[in-house]
Amino acid sequence: MNNLLAARSQMGMSLAFHIIFAAIGIALPLMMVIAEWRWRVTKDEVYLLLAQRWAKGTTILAAVGAVSGTVLSFELGLLWPEFMRSAGAVIGMPFSLEGFAFFLEAIFLGIYLYGWNKIPSWFHFFSGVIVALSGLLSAMFVTLVNGWMNTPTGFVLADGKFTNIRPFAAMLNPAGGPEAVHMILAAYTAAGFATAGIHGWLYLRRGKNRFDEIAIGIALAVGGTAVLLQGLSGDALARMVAATQPAKLASLEGQFATEVGAPLRIGGLPYPKERVTKYALEIPDGLSLLAFHNPHAVVKGLDQIPESDWPVVRIVHLSFQTMVGCGSILCGLSLATFWLRRKRKLFSRPVVRLVVLLSPLGFVALEAGWMVTELGRQPWIIYHILRTGDAVTSLPNISVTFTLMTITYLILGVITTWLLEKHVIASPETRLIEKEETV
Amino acid sequence: MSSVSLLAGAILASLVMYSLLAGADYGAGLWDLMCRGPRQQQQRHLIEQAIGPVWEANHVWLILTIVLLFSGFPDAFGALCVGLAIPLFLVLLGIVLRGCSFVFRSYFTGERQTQLYWGKAFSISSSMTPLFLGILIGSISCDSVVIHGGISENGFLKTWLLPFPIAVGILAVSLFAYLSACYLAADAGSAELENDFRIRALIAGVTSVAMALITYVMAASSAAGIRQELSSRPAAWLIEICALCAMIMAFRGLWLRRFRQARIAAAIQVALIVVGWGIAQYPYLIRPDITIANSAAPDNVAAAIDAALGCGAIVLIPSLMVLFTVFKRRQGVTHTEQASD
């Protein structure tokens, strides 16, 4: 494995691992706070138990999220020193603000998790709200940095150096906003459906009980609302990509030729050597309509771009199809569950089974979406300014650190899953709830 | 004061906070490894209670330090990441293992033996991380990190695998252990536990004085630049004298069992040591080539980050005060809730 590939693999693996915990860290506090708020309003102990149970999950996941996030902030420099050296000053602002958001999250998470009996109950609830909000802000600031790597603004480039830097203009780059909204909604979608899936599975195992019904209700409300809004956010993001990163749009759609009234492809496999995308279901004028809101708009194909600047078209296209496919299925599921809930038929076994079956798709879409963003930007680390290959460290044997980190993360992943299983599913309190509920 | 020096000051302040708060958490991890005798369980429980609610917030000071370093001094951060990649990577591994194993141990419900392994992983990684943090500080003080065009002149080992940085690493471990034992003695609640950590604080305190003298002597040959500043700048003298006074107060507090006094004095002592290092290092960030001036971001960027820091502090300081008033009031150890089995 050459050094560049090893460094990219390590970065990719670290991101793919962290994003799972980051997404849960954004969404679980929101659900926890909703449960606590319901408890405050109704005085129904089941809501309190649920809030406490989710808080326990948050403790474990937030710790792994905090350390794996630290890994990323170091790795930016350790793997891509040239990137940080040249761009550090430009993107420092969102990172600094993220530092503060992270601070607030960690402080109030500590108060929330360990303060149940030590502080007034309104302050406890307030701490939960701060955790949920600051998690959202952290995600926003970090995604703004990724936006800048895709649509760099806020500077003048002179002799390959960033001069005349305007930190706030850089932070508010064109891709940043749409990307941040898309990411935050993705976190709610992924974690919402996954939580609904876990409680759905428990519901099937331990039979009809209010605890899991309430949990599924809150989780589906969060995930279901987010995935429906994701349609709008995805549209905004796609139009931004169409306007600023034609190579990325062409790769994710498998669009090789420049066309008036380009079709929208569903599925299909791009053949970069032959410059065609085969086996796709094509909707005439669909891409032009979606990307530019005009059926006769010209869509730039990959033929306009030198082949050395192409991303790996096939993987980008397949990741994009996966993301959109999973998102669409979850939109359908969300509409169906909203309707069933009105009809009071949500908690029949076949419906819950379907929810369980489809619940991992949010995370699949989240990972696939980051593959689209990151691989679609290649071969650039800063779009049209710095190539990834020119930013990589001179440190040899990156494959060693890559292997070491991968093994560490694998072990951590297994243990975390095991612990969650023990705490959410088999802890003594669970048996307590079952008894309470079945009586 | 220019906005760039203000930013450098903020980085040093953040490093001081990290040493005082997270440093003590690392130190507690080291003591966890050395829990002995009839009160082993109570000692572990005290450590767990002291760290549990605050370690994540304390850890963020390091994130802030790193973020401010790469925003304000990108060239210095780039050089650090090349020349000292290996110790940085080891710090990172230590941070990951420490955080995860701490939570895993607290939430583990399986066999007792496995839980003890998590405890070991927690305490070993807690001791390893400050060693490499100290090595990083030692390395940037001793003229070994020279980067030209993204290439490290001294390779990737000879920048840090040297007697002087390793001595600074051991100094950091012993200082954190000392600090932590002082805090734990003040938090202990029972006379026996107080006594356990009092003895540890005294041992670690004497060790760190010895290590400080050893590094000072070693600096004569391997870090002449910083030693010159330490012994010639009046500001450095003043800080050395104050640190000495704080140390005497801390030892006196430990000796007379006035643990609150010892805790405050020890914190002041460690803070002054870090500040003293910062003043002796000035105007360098990485000796011998990289200074505050030649690696800084443009003035307007530094000014904007300073402003963001000011706004952030308005929110941060009251939040931190709430956190510490909720969890660090002297309340003794409650053995009944969540016993560790």
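Two residues are taken to be in contact if their C-beta atoms, placed from the backbone, lie within 7 Å. On this criterion, among contacts in chain B between residues at least 6 apart in sequence, 79% join residues at least 24 apart; for chain A the corresponding share is 76%. The model is predicted, and local features need pLDDT of at least 70, side-chain atom pairs count only at pLDDT 80 or more, and totals for chains, interfaces and linings use all residues. Residues are numbered from 1 along each chain as its sequence is written, while chains are lettered from A and ligands numbered from 1 in the order in which they are written.

The secondary structure of chain A comprises 15 helices and 10 strands, where helices (H or I, at least four residues) and strands (E, at least two) are DSSP runs numbered from the N terminus. The radius of gyration of chain A is 23 Å, close to the 22 Å given by the globule rule for 439 residues, so chain A is as compact as a globular protein of that length. This radius is taken over C-alpha atoms, and the globule rule is 2.2 Å times the number of residues to the power 0.38. Along the principal axes, the C-alpha trace of chain A spans about 70 × 45 × 40 Å. Of its 439 residues, 54% count as buried; a residue is buried if 20 or more other C-beta atoms lie within 10 Å of its own, exposed if 12 or fewer, and partly exposed in between, with C-beta atoms placed from the backbone. The average pLDDT (the predictor's confidence in each residue, from 0 to 100) of chain A is 88, and 96% of the residues score at least 70. Over residues 430-439 of chain A the pLDDT is below 50, and this stretch has nine contacts in the model beyond near neighbours in sequence.

Within chain A, helix α12 (residues 361-377) has 17 residues and reaches 24 Å from its first C-alpha to its last, close to the 24 Å expected at 1.5 Å a residue. The expected span is 1.5 Å times one less than the number of residues in the helix. Of the 17 residues of α12(A), 15 are buried, so this helix is largely enclosed by the rest of the structure. A:E213, in helix α7 (residues 210-244) of chain A, counts as partly exposed, with 17 C-beta neighbours inside 10 Å. A:E213 and A:R38 are 175 residues apart in sequence and 14 Å apart in space, C-alpha to C-alpha. A:T258 is located in the loop between α8 (246-253) and β3 (259-260) of chain A and is partly exposed, with 15 other C-beta atoms within 10 Å. Leaving aside neighbours within four places in sequence, A:T258 is in contact with A:V298, A:V299, A:K300, A:G301, A:D303 and A:Q304. A separation of 45 Å is found between the C-alpha atoms of A:T258 and A:A66, which are 192 residues apart along the chain.

Chain B has 13 helices and four strands. A compact globule of 341 residues would have a radius of gyration near 20 Å, and the 20 Å of chain B agrees. The C-alpha atoms of chain B fill a box of roughly 60 × 40 × 40 Å along the principal axes, and buried residues make up 56% of the 341 residues.

Helix α10 (residues 234-255) of chain B has 22 residues and reaches 31 Å from its first C-alpha to its last, close to the 32 Å expected at 1.5 Å a residue. Its buried residues are B:I239, B:A243, B:A246, B:M247, B:A250, B:G253 and B:L254. Seen down the axis of α10(B), these residues fall within an arc of 125°, so they line one face of the helix; the arc is that of the directions from the helix axis to the C-beta atoms. The buried residues of α10(B) pack against α7 (163-187), α8 (191-222) and α11 (259-281) of chain B, whereas B:P234, B:I241, B:I248 and B:W255, on the other side of α10(B), are exposed. Just after α10(B), B:R257 takes a positive phi of about 60°.

Between the chains, 49 residues of chain A are in contact with 52 residues of chain B. The elements giving two or more residues to the side of chain A that touches chain B are α2 (45-79), α3 (81-114) and α14 (398-425) of chain A, and α3(A) supplies the largest share, 22 residues.
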